[in-house]
Amino acid sequence: MGNYIQIRDISKKFYGVYALKNVSFDIARGSVHAVMGENGAGKSTLMKILGGVYQADGGSIIIDGKERNIRSVQDSAGCGISVIYQEFNLVPELTVAENIFISDVPKKTFLGIVEKKKRSDNARKILDMLEIHVDPDEFVKNLSVSEKQMVEIAKALSLNAEIIIMDEPTAALNEEEVRRLEEIVGMLKKEGKTIIYISHRLKEVFDMADTVTVLRNGEYVDTRPAAELTEAEVIRLMVGHDVVQDTDRPVYASEDVLLKVEDLTLKNVFESVSFELHKGEILGMAGLMGCGREEVLSAIYGLFGYDSGKVFLEGKEVRFKNSGEAIEQGICFLTDDRKDAGIFPRMSVEENITIMSIRHMKKKWGFYISPSQEAGQLKKMTEFMNIKYARPEQKISYLSGGNQQKVLLGRDLLLDNKIFIMLEPTRGIDVGAREEIYSLLYQLARDGMGIIAVFSDMNELIRVCDRAVVFCDGRITGSLTKEEFNKEKILTYAAGKGA
Amino acid sequence: MKQKLSRQSENISLAGVVVVLFIVFTILQPNMMTVFNIKNILVQVSLTAIAAAGMTFAYTAGVFDMSIGSVLALISVVVAKVATTAGVFPAILAAFAIAAAVGILNGLIVTKLGIQAFAATLVSMILIRGIAVLMADGADVPLYSVNAIKFISSGTILGIPFPIILTALVYAVSYFLYYKTEFGMKIRSVGSNADASRISGIRTQRMITAAFILTAVTAVFSSLIKTAQVMFGKATIGEDFALDVMTTVILGGTVITGGKGNLTGTLIASVLIAVIKNGLNINNVNSYYQQLAIGVILIFALIFNGIKTMRNTRQIRREG
């Protein structure tokens, strides 16, 4: 019972560097077992070994008393393992139903034709069970990030696996959806499934997990019942030292209005959105998936247009036709889709950080950029934000999520910005880097910048922001000051039931 | 450093293939290793290499241009017509103006109408060929009266054939543009991640259009050399040109999906193909077998490239 899955001395090296080193621990049948650690701790590598994506260099995996030789994804599925990966493995050009049953096509008619209706019905059954409101015949490319995540979960559950591995399933979900996921996990547990759960979010780990295993730098640190641990202890185990919490941070917001938005409307997307951003203020934007807040911010930034309404920057009316104009005026935009809309995967760390500031660099003969200037900018940001990379020419895709995010932030910081629009600035990054990003936000606020931050994790929003506006169905349904912050209130507004 | 080395290692291995092939051909037929023949090869190289430099920009920006073969023909006819009536310099001016217009046209079709580069440039390929044939009125336009043009293909400066000098110049400028300027960085960023580029305030549509202009403009140089070689404005030249150039660029190690080009590789690949063709010719190999040989060599090159890409994506996945 106590050792349904036995992980024994698992090691994995990449190019001579240990990603995992002699990791051993047991997982009990029917339990929710959280595996925690910073980015680069080896959690994902371990899960990929269990999932058959990688082969371990050494060690063994024993499931249900039998040693298993997992050499491929098929082997892994054969052991009853189903993995929900951090990155999506959905085919955008196929429908939701087709994606869910991609490896498990339902019965065909005698002509070998897939029974589409049956498949859609089966997909709907799973989606309904999970309370996911997505049309099974919708194409995946039309879904939002969090809807994709839910489809990914549905796909894994459709395989009826005994062991379900979830690699950061909530990174793209908001509070409401996380709660639904917690219910799903509880349901699966009741059915006797074993769940291995990876997450950076401490709260949900404590809500769900029976046991917590912590990894650090590829090595096993400890396994303990969740009930015996506190959040602070887990963080200490993960980072190896104590992390200072910033409960009493001064508020830097001033009276000066930096950005004023009046009755901004884009038909069927958002309507009569009005808010103000002050100097030195961190303004949070809350709301459920599809509430329109990202769209409002993108429209202000010039990524797409709006039908009516006005935007004032320091009292002057502006309307940006493209993002270049917004950047000229000192506004920057941090995407929540780091992989697809943030980094330039084939370019170096250095190029990634200087891509925006390059236009202001001094150029010889009008266009020659001296390499030392670029190197200088990278160095400045590396020191300022403690970015870790092997060499400036290294491709950014090789960095951890936290370091990639710091590069993206550095890109904005190299410009003379007044307003920072940030969508999920801490998505998918580890506790250490997250704290560093928080203190960066405070520092920016102290220097008189205005920050608009979208957080799906309400704990973060409450902790970081000075004030919050809540969106529902493209409208602002409520506004709260720091003193008024509380989760129930935000959720009520987000559900559109506010005053 | 490792990355730089890996890029270099690819180039070094490609250059190694050139050297080995050259030695093999020389053993088979000693005439290969004469100053005359080497000059001949290099002049052959210049034809594809110059246009391939432009095409490398296009691939880097995430597009490619099927129409440059037709551009070659149109420019040839235009140059012949204008040169015989108004003189050489107006002819060259007109050539560049037309190329720029073609580039802008391709760029607008792709960016404003949202048509894929393959379809868009396929259409302009047919269209431009049609215009060239119409202008030439079905016949070659003789250039005998304008002897100055001959210099472009067979003139020499300090004993070096002019096409080789032209190639060197085009590559020097391309290198600079590609690696040392804001423009180059933007072209690469658009091919690497168009969404991120837009958010970073880069005019992605302009960059793509610029890549098309560069491709068409470099094709002008190739056309001038070709036209000067035959001393005719011909509407039928360059039918395989676009494919040759695209093959060269891919063989050189430029990533087809955008974001990463390899100018050095493109240059070496042009030499490789020219050496193969010349070597087979000089050894009197039947031209049917020549196609076969080139095909086989390309398959090996692509397999090599494919293995590398696979290794890269695996590494990226690990870090994810």
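A salt bridge here is a side-chain nitrogen of Lys or Arg within 4 Å of a carboxyl oxygen of Asp or Glu. By that rule, the interface of chain B and chain A holds 1 salt bridge. The model is predicted: local features need pLDDT of at least 70, side-chain atom pairs count only at pLDDT 80 or more, and totals for chains, interfaces and linings use all residues. Side-chain values use heavy atoms, without hydrogens and water, residues are numbered from 1 along each chain as its sequence is written, and chains are lettered from A in the order in which they are written.

**Chain B against chain A**

- Contact means heavy atoms within 4.5 Å. On that basis, 34 residues of chain B touch 45 residues of chain A.
- About 3500 Å² is buried between chain B and chain A, with 55% from carbon and sulfur atoms. Buried area is the accessible area (1.4 Å probe) that two parts lose on being put together, summed over both.
- The salt bridge pairs A:Glu351 with B:Arg188. Their closest N and O atoms are 2.2 Å apart.
- Chain B and chain A also show 9 residue pairs in polar contact (both at pLDDT 80 or more). A polar contact is a pair of N or O atoms within 3.5 Å; within protein, one must be able to donate a hydrogen and the other to accept it, and residues adjacent in sequence count only if both atoms are side-chain atoms.

**The chain B side**

- Helices H1 (2-28), H7 (162-180), H8 (182-192), H9 (194-199) and H13 (287-319) of chain B each supply at least two residues of the side that touches chain A. Helices are DSSP runs (H or I, at least four residues), numbered from the N terminus.
- H13(B) gives the largest share of that side, 7 residues.
- The chain B side divides into 8 nonpolar, 14 polar and 12 charged residues. Ala, Val, Leu, Ile, Met, Phe, Trp, Tyr, Cys and Pro count as nonpolar, Asp, Glu, Lys and Arg as charged, and the others, Gly among them, as polar.

**Two domains in chain A**

- Chain A is assigned domain 1 (5-238) and domain 2 (257-494). The bounds come from an automatic or database domain assignment.
- The contact takes 21 residues from domain 1 of chain A and 20 residues from domain 2 of chain A.
- Domain 1 and domain 2 of chain A bury about 1700 Å² between them, 55% of it on carbon and sulfur atoms.
- Between these domains of chain A the count is 0 salt bridges.
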